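Here is a short walk through one protein model. Keep the sequence and the 3D view side by side as you read.

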Amino acid sequence: QVFWAVLCAMASAPAVVGATWASELQRYERERRYEVDPEFLRVPARSATRADIAHAERSYDTVLQTYRDNSREQSQRNFEERERLKHLNRAADVQLRREHKYNLINHEGRMDAIEPVKEFRGRRLHYPVSHQEHNIISNLGHDVHHWAHPDERPRPTQRSPRRRFIPAHQVKDFNLITNRYLTNHEEKSIRDETLGLLESSAKFSTECVFDPVLARCRDPAKEERARAAIDAREVEAHLRSRHQIPPSYHGKESAAYDIVTHRVEDPEHLQIIDALGEERNQRYRTRHAADVLSKEQEALFEDANNAQKNSQVSHERFEEVTRRGYDIITNSRLGDGPKQQKKYPPHTTPRPGVWEKATNLQPDAAGPIWHAPGAANSHGGSQSARAVSHPASVQHSTQNRQSQEFHHQEPQQHSDLTRPQLDLTQRQDVPSS
């Protein structure tokens, strides 16, 4: 049923040009056929045995570099000769194509053997043109001896004859036998002697210019020129060396005077240097005064800062130790006597009492008040025992700072009026311990 269905489908399908029932069956058969590789059907190649290799090796003589078989040796030689000729011919063709077509030594054409021969067609040959104005065979002019018609012959150039010169050595005015001139022997002898002296002096001045003993030129004019040239060269070298010096070295002090003889060469330059030095010293002096003023103000501000720090500490915190009368760690009594521990006054300021506020007195005007150890307060604790600080330490520190100032009053002239100034006379003394 499938076969008949395929046949019906093929019958109903449009006919394909070039495809028939037989061709389709053959194509189908080839597709379904199992083809075997032809290499499997061939006889395997025979491998070379050791005997074959040894036989091939014995066929060639390694000592003579030839085959033992004469026919094979002759065929190999013929083959090598043919290949060599082919290679040489190919190389010659390449050489002819790339190099010149003629030989550089004998100027012969290298392509004449293969070029076609040019036939002579009977054209009229041109006579060579001569560079001479006469016939080189008959020595006659072209106007007389020439192959052309007399009216067409070339005319020679009209030239005037040149003067004939006779060399001086061919003129003999001296007799070699008598060793005398033919005419005017005395005058000519004096002339020869003078010329000899002149030639000798010229040769001597040319070859012996410098006298090695005196170390100078023999000619004064040349000696003067040589010295001038040497001086000019030294000046040029000096100027070149000065030109190479950096610009900062041009204004140095040693350039204004001779460092050996101390002779002043440029007084204006020295005055400028002195003026610049004085200005520099004035700047240093001003800067030093400003530094001193800033140090003084720093000291004042430091003292004021310490006073402010001490004013922030309460004085009552030190009264308990003073009121106790001894040190709780070492159990030593406080005082200035032997075997007593010295108690330094604190830096704090005691609080003023009612009477001090009323009379506007300073609490330390009457001096420090110390209670005896263990003594009771007569006012029942309303007025505690207090130790009024003594301003001696502050005055000592102030004197030490003031002693560092300069004895001269010149820096005070440069003080800055815009900065606040502190007056030590109006300053409250800082209590010291």
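Where is the place of His-185? His-185 sits in helix H5, residues 185-207. Helices here are DSSP runs of H or I with at least four residues, strands are runs of E with at least two, and both are numbered from the N terminus. The model is predicted, so local features need pLDDT of at least 70 and side-chain atom pairs count only at pLDDT 80 or more, while totals for chains, interfaces and linings use all residues. Residues are numbered from 1 along each chain as its sequence is written, and side-chain values use heavy atoms, with hydrogens and water left out.

Is His-185 buried or exposed? His-185 is buried, at 16% relative accessible area. Buried means under 20%, exposed over 50%, and partly exposed in between, with a 1.4 Å probe and protein chains only. Setting aside neighbours within four places in sequence, His-185 is in contact (heavy atoms within 4.5 Å) with Asn-179 and Arg-180.

Now turn to charged pairs. Side chains of opposite charge can pair when their charged atoms come close. The structure holds 16 salt bridges. Each is a side-chain nitrogen of Lys or Arg within 4 Å of a carboxyl oxygen of Asp or Glu. Arg-110 pairs with Glu-99, with the closest N and O atoms 3.4 Å apart. Both lie in the loop between helix H4 (70-98) and strand S3 (174-175), so the pair ties together parts 11 residues apart in sequence.

Asp-211 bridges to Arg-218, at 3.9 Å between the closest N and O atoms. Asp-211 is buried at 13% relative accessibility, whereas Arg-218 is partly exposed at 41%.
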